[in-house]
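Let's take a tour of a protein model, one piece at a time. Have the picture open while you read.

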Amino acid sequence: MTDISLNAEAVKQGPSLGYWQLVRRRFLRNRYGVVGLIGCLFIMLTAVFSGFIAPYAPETKDRSAVYSPPQAIRIMAPEGGLSRPYVLGFREEMHPVTFEITFVPDETARQNLALFVRGDAWTFLGMTFDRHLIGTTDGGFVHFLGTDSLGRDVFSRMIQGTRITLLMGVLVMAASCAVGITIGVTSGYVGGRFDMIVQRVVEFVKSFPDLPLYLALVAILPRRAEPMMIFVMFAAILVLLRWADLSRELRGKVIALRSMDYVRAAVAVGASDRRIIGRHIVPNTSSHIIVWATYQLPEVILLESFLSFLGVGVQAPMVSWGTMLNQVRDFQSFAAAPWLMAPVGMIVISVLAFNAFGDGLRDAMDPYSND
Amino acid sequence: MTEPLLKIENVVVDFRTVTGTVNAVRGVSYEVNRGETLAVVGESGSGKSVTARAIMSMLAENARVGKDTRIWFDGQDLSTCSERQMQKIRGDRISMIFQEPLTSLNPIYKVGDQVAEIIQIHRPMSKKQAMAEVLRLFEEVRLPDPETRVSQYPHEMSGGQRQRVMIAMALANKPDLLIADEPTTALDVTVQAEILSLLKDLQRSHNMAVILITHDLTVVEKTSDNVVVMRYGEVVERGATAEVFANPRHAYTGHLLASEPKGRPDPLREDAEPLMVAEDMRVAFRIAYGGFLNRKYTDLVAVNDISTTVRRGETLGIVGESGSGKTTMGMAIIRLLEAQGGKITFDGARIDGLTRAAMRPLRPRIQVVFQDPFSSLNPRMIVQQIIEEGLIVNGIGASAAERKELVGQALDDVQMPRDAMQRFPHEFSGGQRQRLAIARALALNPDFILLDEPTSALDLSIQAQIIDLLRDLRAKHDLSYMFISHDLKVVKALCHNVIVMQNGNVVERGATSEVLEAPRTAYTQKLVKAAFNVLA
């Protein structure tokens, strides 16, 4: 006889790769997705350590510099040759004819930059720190992205704003996932009249014009409401209008999964509905849920900044990218201080990063591709 | 000596996957002459279809063809052809028939238009001329009533008719070479025989070369001149069909040849008491039709007042073509499907009308093995979790260690190594998965197992192993089976008694040997003829 095992085929040897390991491998081959993932991590780290990365607290005002333009980091010393990084302060000059005020770099107001300098206190997990990633050696102000009408540092506020914007995104995403999964899975699994009613509700929610509802929020909420209260209400209304999509998609998936043989086999061994949903149906929709969630985040970020820009969303003193943009509502301030648009850059980067990550995940989680 | 029509040399195809490179085909060479049929035989995963697709340059995107691969077709090297040149050859000089006729026809076009399109791409002619040509082709492939067929959509036809349309499409431009990739696997046995004889006749009248890819050795023996046996991407044996069948040189070929399901069921004890009794089972599906305002309902009766008895230790075969209601009846008897009427008695106790909760204590004793092992195992669970589930749910085994031992015993029973426990289903082949599905049923120590076509998704050589396994397990654990199948060869090897079903009714019943050797009704005669004499 030869070495061929005739009765049973050889069972695969070597390490066993689970579903998630396969997904990871497939994901890491996709360069665009990996870049997206790095971008997402960068944004999330910024949000978590915003107190450390931002040179100043969001409310710290530099009264000597209102509408001051961005200061460039210089490494060429005026006398020639390399020097340690420094910035130059500004001298205000008035145009003799138009009386327009212009800012001219002042060679004499040189401030050296340093890493890990002391500055405003910030808290993290209940602990208070005062070290910042970057600052000046002598404690003077430096504004990498200029200042706003009150002399607050745009760069610091933009970094701090990541927190609220992302918190809003994650909160809305998590809550609408929870609601969408519960309703979608139950509706698909139970079926019948319950499913019929739930789906009509979903259609009602989906047919609702969302913008008027957001605007109506301003009217509903008391004028003197806490900003935190408005933040939560705002998130709640976003969730109210967003769970419907996921629940409808999941319902379809669950209906398909319900008739799979492995679910029927579980019924045949006597498994309860709870076990079938928890062990067989939800795990097999998890990839769908995760991809949906990754796509939700950038959508919520965009919506938040849009509504806060209109003054409807997050309210001051909370700092988000949208509320920062709210300061550039009129054309004069846009023309005089275009650097106030800096949060737009962060919005674009984060939306691109989360979408790229979502695309990569969706491709990696396709169970039918084996390439 | 004339040059062969197609000669492939040293075909190598690799697939790049996440888990590494898979060498699907490793240096395969064969040749076909005009007017000759070459059968390429092997189990699934042996690379036989991939080689055929390499000839057509129709490989998936992640495939890499080896540097030394040469494909000579009528003196031209196809491996150096551009995509544009290949488009001229495909469908004109070489055409292909696929396994699944439902998915290879476009559902939104009429079949006549689809065939006419192929003709018009390669031979400029008016639509009218093309349609006349289509009609001629449909007559040639013996489609009944060809004039009405041309304006039908694929869903209006049966599987066999669709495969005839596919053949007409393949023949549309009088190809020199026809590649048939498992053309009959997805069809009912009775239809298989007709399609194979049709292919054979057409080959003779067109003097085509045919490459027939199959795992069915009976088909090979009856239809081919030469045969190539493939395993793990390599050719293990080649030669004239008659010679190879008479005198296989390679052990693997011998194994394939010996893999016809054979043997007889061990005799049934005379005094065996009835275990599962179903009386007057009736299952009907309500179908809505008519418009929005005048909605009407009609009941489609899938199982029409059928009574059966399975005795302890008995295997009852239920045979019929697809759509005859055999699976519906099986599922209704084990209460996985709600029946509209009938009385079911299991081990002396009535089980019809029991709620799901009331059925639960009985579930371990009544088990089921499904047809498709690819969808019956949850892809997110490891084998241990899959087999253990029934034990946990029914509170069998006091501790995790005890349950693990029971899972191990079930794996031993189905002759799978115990290391399989920590692996995911996708790491196993079809036959191995079906063993795992059987292990899941066995772990609960059942009395009765419903086997719903457990072998029809598997290769022939694996089928025989599964049948042997089922027979051994029946004796070892004193099991009773209800075995649903359309394959009479398998039924003959395993079942004591058999019921033949057609359109929800029983047309014949009795001891297997009697029914199969002296079928009384025309329908049974047709089934028997199709199963035991492939070519009509």
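Before we start, one definition: two residues count as being in contact if their C-beta atoms, placed from the backbone, lie within 7 Å. Keep in mind, too, that this is a predicted model.

## A sheet in chain B

Let's begin with chain B, where six strands form an open sheet. Their order is 7-8-9-3-10-11, and the pairing is mixed. As background, strands of a sheet pair through backbone hydrogen bonds, either parallel or antiparallel. Which strands stand at the edges? They are strand 7 (94-97) and strand 11 (234-240) of chain B. Each has a single partner strand, so one side of each is left without a neighbour in the sheet. On average, neighbouring strands here are turned by 15 degrees against each other, if you ignore direction.

Now zoom in on one pair. Strand 8 (residues 177-181) of chain B runs parallel to strand 9 (residues 209-214) of chain B, and the two pair over five bridges. If you want a spot to look for, find Leu178(B), which stands opposite Val210(B) in strand 9 of chain B. There's a helix to spot as well: helix 7 (residues 159-171) of chain B lies across strand 7 and strand 8 of chain B. Helix 7 of chain B runs at about 175 degrees to strand 7 of chain B.

## The nonpolar cores

The largest nonpolar core has 224 residues. Which of them touch the most other members? Those are Val115(B), Ala168(B), Ala439(B) and Phe483(B).

Take Ala168(B) as an example. Leaving out residues up to four places away in sequence, Ala168(B) touches Val115(B), Leu137(B), Phe138(B) and Val141(B). There's also a second, separate core of five residues, and among them are Ala65(A), Leu113(A), Phe141(A) and Val142(A).

## Where the chains meet

How many residues does each chain bring to the contact between A and B? Chain A brings 34 residues and chain B brings 40 residues. On the chain A side, helix 8 of chain A has the largest share, seven residues. Sorted by class, that side of chain A has 18 nonpolar, eight polar and eight charged residues.

## Two domains in chain A

Chain A is assigned domain 1 (64-149) and domain 2 (158-365). Their C-alpha centres lie 39 Å apart. The contact between them takes seven residues from domain 1 of chain A and seven residues from domain 2 of chain A.

Terms used
Residues numbered from 1 in each chain as written. Chains lettered and ligands numbered in written order. Predicted model: local features only at pLDDT ≥ 70, side-chain atom pairs only at ≥ 80, totals over all residues. Helix = DSSP H or I, 4+ residues; strand = E, 2+ residues; numbered from the N terminus. Nonpolar A, V, L, I, M, F, W, Y, C, P; charged D, E, K, R; others polar. Pairing = 2+ DSSP bridges. Axes fitted to C-alpha atoms, helices over the stretch in contact; angles between N-to-C directions. Domains from an automatic or database assignment. Core = buried A, V, L, I, M, F, W, Y, C linked by C-beta atoms within 7 Å. Buried ≥ 20, exposed ≤ 12 C-beta atoms within 10 Å, placed from the backbone.
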